[in-house]
Amino acid sequence: MDKLRLAYYDVVPADLRTFCSLTSRISKHVLDKFGIGNELMPCQLWYTNQTQNYVVGFLNQQEPSSEWNGHVVCRAGNVIMDAATQNLEVKLGVPVPWVVVARRFLVTTQLISRARLDNNAMLEWFYPPANMDTNPPVEPVALVEQYGNLLYERIAHSPT
């Protein structure tokens with residue numbers, strides 16, 4: 001996962017960095033090619049610091065939107081990878097890493113995972129609230145395969 005995290009936006013165009021369904025499906029494609037069991041995991045992404053609290057995904061929206069009202073990451077074992085944390089920076093002006101890999105909590109709770117950032121802020125991933133549409137949108141298979149295959153080749157042929 002760390003090699004995937006490090007290579008991700010060397011291969012995938014930066015303009016895709018806010019499309020969680022697409023980036024998670026690309027990650028899934030790469031892990032599938034390596035034979036690593038994984039799944040898409042719908043969630044809410046929370047950013048908190050001393051003065052701010054932002055949430056991405058599964059919010060009660062007042063205005064209709066063409067965007068999916070959710071967030072999704074790729075889970076492999078007890079690790080999640082979020083390659084769309086940039087939703088926080090692009091849409092809300094909150095600086096965050098472009099890709100985050102974090103360990104899942106192995107106890108039953110609403111909190112899936114947590115990552116502390118360099119500025120003492122926190123990223124947290126929570127299970128979606130009840131009664132929400134948790135099905136990520138379908139993404140263009142050709143695009144997923146194109147960038148997934150390029151990432152796979154980059155990682156497979158990189159020095160250990």
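Reader: Helices here are DSSP runs of H or I with at least four residues, and strands are runs of E with at least two, numbered from the N terminus. On that basis, what is the place of Asn-131?

Author: In this predicted model, Asn-131 sits in the loop between E7 and H4. Its phi is positive, about 65°, although the residue is not a glycine.

Reader: Is Asn-131 buried or exposed?

Author: Asn-131 is exposed, with a relative accessible area of 80%; the cut-off for that term is over 50%.

Reader: And Asn-120, where is that found?

Author: Asn-120 is in the loop between strand E6 (111-116) and strand E7 (122-126). This residue, too, has a positive phi of about 65° without being a glycine. Asn-120 is exposed, at 58% relative accessible area.

Reader: Changing topic: what is the volume of the largest pocket?

Author: The largest pocket has a volume of about 490 Å³. It is lined by 21 residues, and the closest to its centre are Glu-67, Trp-68, Gly-70, Asn-87 and Lys-91.

Reader: Which elements give two or more residues to that lining?

Author: They are helix H2 (20-33), strand E2 (53-56) and helix H3 (86-92).

Reader: What is the lining like by class?

Author: Nine of the lining residues are nonpolar, nine are polar and three are charged.

Reader: On to the rings. How many aromatic pairs does the count come to?

Author: There are six aromatic pairs. One of them joins Phe-34 and Tyr-152, which are tilted, at 4.5 Å centre to centre with 50° between the planes.

Reader: Which parts does the pair of Phe-34 and Tyr-152 tie together?

Author: Phe-34 lies in the loop between H2 and strand E1 (39-48), and Tyr-152 is in helix H4 (residues 141-156), so the pair ties together parts 118 residues apart in sequence. Phe-34 counts as partly exposed, at 34% relative accessibility.

Reader: Which residue lies over the face of Tyr-152?

Author: Lys-33 does, at 4.9 Å from the ring centre.

Reader: What about Tyr-47 and Tyr-54: how are their rings set?

Author: Tyr-47 and Tyr-54 also form a tilted pair, at 6.4 Å centre to centre and 35° between the planes.

Reader: Which residues do ring pairs link into a cluster?

Author: Tyr-8, Tyr-9 and Trp-98 are linked in that way.

Reader: Where does Val-12 lie?

Author: Val-12 is in the loop between H1 and H2. Its relative accessible area is 1%, so Val-12 is buried, the cut-off being under 20%.

Reader: How far apart are Val-12 and Pro-97 in space?

Author: They are 15 Å apart, C-alpha to C-alpha, and 85 residues apart in sequence.

Conventions:
Residues numbered from 1 in each chain as written. Predicted model: local features only at pLDDT ≥ 70, side-chain atom pairs only at ≥ 80, totals over all residues. Heavy atoms only, no water. 1 Å grid on protein atoms, 1.4 Å probe; cavity = no way out; pocket = protein on both sides within 12 Å on 5 of 7 lines; lining within 4 Å. Points joined across faces, edges and corners; volume = space filled by probe spheres on them. Nonpolar A, V, L, I, M, F, W, Y, C, P; charged D, E, K, R; others polar. Phe/Tyr/Trp six-rings, centres within 6.5 Å; stacked < 30°, edge-to-face > 60°. Buried < 20%, exposed > 50% of the residue type's maximum accessible area, 1.4 Å probe, protein only. Lys NZ or Arg CZ within 6 Å of the ring centre and 35° of its normal.
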